[in-house]
Amino acid sequence: MRRPADIDALQHVLCAALGSREPVCSLAQLGQDADAFNTLDPAMLKRPTLVGGGTPYSPTTPAPASHTLDELIRRAQSLDVPQILVPNVRRSDDTSALRAAGLVPVPAGSECVSRLTGDVDDLLRGRVGAGRLRDLRRRHHAASRDVTWERIRLSELDRKPWARDAFAQLHQRHMERYGGSHNPYNPDALDALAHGALADRTEMFVRRRENTVVQVGLLSESHNGRGLYYLTQAIDHEDPAARHNLYVASLYRLYLHARRSGLDWVHLGRGDAEGKRGLGADLFVPLDHWLRAPDLAPPEEEEEPALSRFAAPPVTTVPVPGPARFRHRPRFDLLDLSGNTNPFLGAESRYPELDTVELARTYLTTVSKLPGHEGVGALSTDHLLFTSGAVDGVMLLLAALASPGERVCVTPPTFELYAHFASVLRLPVVEVPLRGEDLSELDTERILAADPRVTILCDPNNPVGTRLGRAQVHALVTGTRGLVVIDEAYVEFSENPSYAELVEEYDNLIVLRTLSKAWGLAGARCGIALAHPGVVDALRRVQVPLGFTNASQRAVRDRLTNSQRALVSIRRIRAERDRMAAALAGHPVVDRVFPSETNFLLVRLHKHERVMDQLRGAGILVADTGGLVPATCRISIGTRRANNTLLEALSSAR
Ligand code: PMP
């Protein structure tokens, strides 16, 4: 967050740019920012507007409190200006004062931040992929060979008039190229910046090719010295590809510089998230301009999603505990003196990032590309809760949504931890076994007759590997008075669709997912609960705060933003599973291989005990599932080599 002094300083710059004593201009004059106002009445675009609380430049404006707004309204009245604009307020801020004062939000895109919590190349490899990283490095090296890189403190600018002139010229050309009507970074604005409160923290960077200035920009260090705002830049080249080249090369250089200086983030300004993601940005905070105009209708009151009707006391009366309450406040630019941690030992000494909204969006977007997940991208991030693995999700939902004594139904053979957690929480367990040759049919009638508070299904089912009958699952969700939980830990390996998108429709459905299986992140302990926002709220209230560690968040972000490798490996595992199923089916010690839509095979053996002993003797560990399905073992699909080793070991068993 910027200090009020910073906002004042930037407002002086705006006044200088506008050539006026008061920060009053038409919305149309705000240059590129006019795009955000396209949907407004053209008359509003032309009207004089008091720009308050900040400037339309990239750095964000803290949401003003009511006394600031009173002052702003008073000033507007004394200037006889009918409109007020408070630009670039984070959507996650408390905007109640703005609403109460009759201002209306106008979406203004997102601020894009690249967080730098480790080696720059490692980070970028995870975020943009190895190929793109090579490309960034190549551009950087090429640019470094023929373009210099100088940095000039703004407080020293008076002694370098050539840099000042170059800045003005390049920005003027930049503005003409993009057809803007006004250049907010003109010489007067630059002077105001160079003699204002930000001068000591702001520097100009200049790149020259054979003594001709080809790029200029402004970098401002954040007030707590932890990050860098990339305020503006202009490049002198007619070719858009060459301009992009130099921009990208400079950004990579800036990341290296920021990292070497011990900074934690670089703020890339506002922009299109996809484009900036390709440049390494990993945090996108939605912004709004807030506008008060005589003919603009006040915004409709946003209703907080109601807590789920399934929330069990005392969850109905307790708040989300501890700092997790503030999860919507992005913390990248806060001076945090609240955590009682040791500031001298690097990034890991800080508590984990609480704002996981962007990561949630990344998960939903990435997963929606999988077959059978088309509708998942349309879910809101309020439908999602990150948990410490899917098993943690089971514990949370039982604790938040069932009271001691209420029945939990499980359908054996299935994952044993469901019944385990239910018992631990003093919830009676009702077992309604699966039926049919493939153990894939639910006994819906018996489940409904038991009238459980929660029914937990595993689909695809561990240890069998099959999918449950779709019509029966639907019948259960629509027929029960209680909740239905579908653990989809293995669904990425399945040919049939996920139930995830249905959580929008059914408030009694919870879908559990994990990054432990197909996504290869069992060590990061990341599960995902998808449910109605009111259910997610209830789960949050029982969740131990700050359990999603920095290291996990990083691993998850890297895996999801660079998902190609995982997607390719899922296809490989499926192919290898089918090969193994065929090879095992013809094997003399094997009685039956169950059909599988997972990354394991349930195999019934002729001489179960003996074969298990022999595999153990050969140093091969498979799961002995004889206690769940007689005479079976569950074999995970490994690498081709490991799978062949298993086949060989079975061949020598008799
Ligand atoms: N659900 C099922 C059906 C599983 O088989 C497993 C792993 N054995 C889990 C959940 C555990 O997932 P996580 O690692 O996310 O806790």
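Predicted model: local features only at pLDDT ≥ 70, side-chain atom pairs only at ≥ 80, totals over all residues.
The protein as a whole is divided into domain 1 (4-291), domain 2 (351-562) and domain 3 (566-651). The centres of domain 2 and domain 3, taken over C-alpha atoms, are separated by 26 Å, and the contact between these two domains takes 24 residues from domain 2 and 19 residues from domain 3.

An open sheet of 10 strands is formed with mixed pairing, and its strands follow the order β1-β2-β3-β10-β4-β9-β8-β7-β6-β5. Strands β1 (24-26) and β5 (150-153) stand at the edges, where each has a single partner strand, so that one side of each is left without a neighbour in the sheet. From one strand to the next, the twist averages 30°. Within this order, strand β7 (residues 212-221) and strand β8 (residues 227-235) pair in the antiparallel sense over seven bridges, and Leu218 stands opposite Thr232 in β8.

Helix α5 (residues 120-128) packs against helix α9 (residues 240-260) at an angle of about 130°, the axes of the two helices being 10 Å apart. That angle makes α5 oblique to α9. On the α5 side the contact is made by Val120, Asp121 and Leu124, and on the α9 side by Tyr252, Tyr255, Leu256 and Arg259.

Strand β16 (residues 509-514) has six of its six residues buried, so this strand is largely enclosed by the rest of the structure. In a regular strand, side chains alternate between the two faces of the sheet. In β16, Leu509, Val511 and Arg513 point one way, whereas Ile510, Leu512 and Thr514 point the other way, and all of these residues are buried. Strand β15 (residues 483-487) runs parallel to β16 and is joined to it by four bridges, with Asp487 standing opposite Leu512 of β16. Strand β17 (residues 527-530), by contrast, pairs with β16 in the antiparallel sense, likewise over four bridges, and here Val511 stands opposite Leu530 of β17.

In soluble globular proteins, nonpolar side chains tend to be buried together. The largest nonpolar core of the model holds 54 residues, of which Leu509 and Trp519 touch the most other members. Helix α11 (residues 357-367) gives the most to this core, contributing five residues, and at least three residues are drawn from each of domain 2 (351-562) and domain 3 (566-651). When residues up to four places away in sequence are not counted, Leu509 touches Val477, Val484, Ile486, Tyr499, Leu502, Val503, Leu530 and Ala531. Apart from this core lies another, of 32 residues, among them Val214, Leu228, Tyr230 and Tyr252. Of these members, Tyr252 is also one of the α9 residues that make the contact with α5.

Terms used
Residues numbered from 1 in each chain as written. Heavy atoms only, no water. Pairing = 2+ DSSP bridges. Axes fitted to C-alpha atoms, helices over the stretch in contact; angles between N-to-C directions. Core = buried A, V, L, I, M, F, W, Y, C linked by side-chain atoms within 4.5 Å. Buried < 20%, exposed > 50% of the residue type's maximum accessible area, 1.4 Å probe, protein only. Domains from an automatic or database assignment. Contact = heavy atoms within 4.5 Å. Parallel < 35°, antiparallel > 145°, perpendicular 65-115°, else oblique.
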